[in-house]
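Keep the viewer open and follow along.

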Amino acid sequence: MQITSMYFKARAREKLDDAQLQQSLSKAQGKFVHARADAIRQLENFEGYRDAAAAIRDRVIRDLDLYLEQFEQAATARGAVVHWAETAQDVNRILCDIAERHAVRKAVKSKSMVSEECALDDVLEKAGIEVVETDLGEYILQLAHEPPSHIVAPVVHKSKDEISDLFEHKHKRPRKTSIPELCREAREILRPHFLSADMGISGANFLIAETGSALIVTNEGNGRLTTTLPRVHVAITGIEKLVPTLEDVATLLRLLPRSATGQTITNYVSITTGVRGQEESDGPEHFYIVLVDAGRTKFLGGPLQPMLRCIRCGACMNHCPVYQNIGGHAYGWVYPGPMGSVLTPVYVGLKNALDLPNASTLCGECAVVCPVKIPLPDLMRVLREQEVEQGLRPWQERLALKIWARVALFPGIYSLFSRVASRIFRAIAGEEKLLHYLPGAQGWTNGRDLPAPEGQTFRELYPNRKR
Amino acid sequence: MVREFADCEYVVAPSGSCAGMIREHYPRLFKDEPQQLEKVSELSRRTFELTDFLVNVVKLEAIPNSFHGTITYHDSCSGLRELGVKKQPRLLLAKMPGVHLTEMPDCETCCGFGGTFSVKFGDISTRMADNKCKAIQGSRADAVVLGDLGCMLNIEGRLRRTGDYKTQVLHVAEVLAGDGGD
């Protein structure tokens, strides 16, 4: 996917002024946040599950190589073919090869964020293959030629009216206005595609090492059709999605839907193991699993490693007050919100996503809601440190902080400075006791006044009151 | 800090983010310096946010002052999420005659300050502050009360810029000190 994270500020500003988007966001926020809160309240010992889930994920990440080998062996034993992709380009090349080998003309897809990383749809289409997204949200985005703005609800930024217009225009059918009617129309269009597709492409929420299975959670049923009807099924997913056993998956499944949509369980939980057996009536003849690195191994062994625990529930963005106000597109790549602010800089390069780790107040709510206890604010802090260490911050900021850091070492001078500054501020502020403009801090004063300091500074009061 | 407060039994900060810095982040800053770390960790154990100190250390039973008015409480991020300050200020305020607390929606949502975030991402920060101000105004309280100085500057700055000179922004200590009435 084309990276536009370097334009974060400008795009965020646009999004703040987009009245329709603001309405969609506030509606979605209420739904996600309250639904999750209710679902968590009903789960006994939620904190215990979080601890267990984090431990499962850490265990996998610590011995990732062993679990990957175990998975490959188990999957191969059941007739699947495992491919390893180091980069997004490798994923695209592998998919094109598979499509060519099996003379694929049409592919149906269920939702896969990894395929968004690779811009797979574009590559397949260039190779002459018709690609149809079948997740309702992704289907709408494919019609609209837009990227997703949320990892679970990709079309959360769009209103029903916009979708009605889009369907009318693209489907050339009378305009539908109710959600059931719109869904029915999409189903009518999609059904023949499922039946005529040669290849189904899916992601995987989890890979199970002991059985060599790929597991997906979906609500629409499109995932199951995609993975069973076409004669070829390709599951594309990140190497970190491994889980040792089915037992472990059960623990994670208690947290994933509850954290994502507030559901106790999704409508479908599909576990795909191997190809169609001789006695079986369903399933693909050929099953490929593409295990993708594309930057994931960069997290291993460093301070950002806990990020690999992520199970892609989206709770961090649903609860992020920055995301809630600007939506996902401003973040400029596949993964928005706090998780994106950690993933994107590592996947696409810190200098291409300088704003992202800074675009957070570090309020900490993302870490509170994360089902696998990723300390997201700490990880954003690590990336901020890396920006400073690599000299990527603007010189004005570096200079200002350097001066501050130097002065802070001398309490006497610091105290003098703060005394002088507070008197100046007070003089400018006048009777109103408010500053309306402050050079160098227009970010503040464009939308807010600055209350002027009153009375003496702390350091003036402190020696007098000390006993 | 370590030297200055070496002789103090307790260190009390009237700001969740300051107490949070010492309690949560100081030890990490010194994780590679074992000798300093011991002193720093010891300081961090003695450090408390004001209302947390009054409730959990002093175990204050009664407050001799009174305050008259309807207030709403904003839970500042560092105090709430780093130090677990939630019930403490409410317990104290409930002990004060004349205080009527009315909760606003999303009282735990960040006000948008975030240190340098407020200047670097001024537009987003202002919108977050605006949301907070609207919640405060919607509660019909005379004053928003809180325990963090950054949020105070931010919320007051936005209220005044939007022409609200009426809603007071008070530190919880100002309320606990009383308004002089009976």
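Strand S4 (residues 199-202) of chain A pairs with S7(A) in the parallel sense over four bridges; strands pair here if DSSP finds at least two bridges between them. Helices (H or I, at least four residues) and strands (E, at least two) are DSSP runs, numbered from the N terminus. Look for Ser202(A), whose bridge partner in S7(A) is Ala235(A).

Before going further, a word on what you're looking at. This is a predicted model, in which local features need pLDDT of at least 70 and side-chain atom pairs count only at pLDDT 80 or more, while totals for chains, interfaces and linings use all residues. Residues are numbered from 1 along each chain as its sequence is written, and chains are lettered from A and ligands numbered from 1 in the order in which they are written.

Now zoom out. The open sheet of chain A has six strands in the order S1-S10-S7-S4-S2-S3, with parallel pairing. Strand S1 (80-85) and strand S3 (130-133) of chain A each have a single partner strand, so these edge strands are left with one side lacking a neighbour in the sheet. From one strand to the next, the twist averages 20°; such angles run from 0 to 180 degrees between N-to-C directions, and axes are lines fitted to C-alpha atoms, for helices over the stretch in contact.

Helix H4 (residues 64-77) of chain A lies across S1 and S10 of chain A, at about 145° to S1(A). Elsewhere in chain A, the axes of helix H15 (residues 337-348) and helix H17 (residues 376-389) come within 9 Å and cross at roughly 35°. H15(A) brings Pro338(A), Met339(A), Ser341(A), Val342(A) and Pro345(A) to the contact, and H17(A) brings Leu376(A), Leu379(A), Met380(A) and Leu383(A); residues are in contact if their C-beta atoms, placed from the backbone, lie within 7 Å. These residues divide into eight nonpolar, one polar and no charged, where Ala, Val, Leu, Ile, Met, Phe, Trp, Tyr, Cys and Pro count as nonpolar, Asp, Glu, Lys and Arg as charged, and the others, Gly among them, as polar.

What about chain B? There, 27 residues are in contact with 26 residues of chain A. Helix H4 (77-83), helix H6 (117-120), helix H7 (122-138) and helix H8 (149-161) of chain B each supply at least two residues of the side that touches chain A. That side of chain B holds 10 nonpolar, eight polar and nine charged residues.

Chain B itself has nine helices and six strands. Of its 182 residues, 46% count as buried.

Methods:
Two residues are in contact if their C-beta atoms, placed from the backbone, lie within 7 Å. A residue is buried if 20 or more other C-beta atoms lie within 10 Å of its own, exposed if 12 or fewer, and partly exposed in between; C-beta atoms are placed from the backbone.
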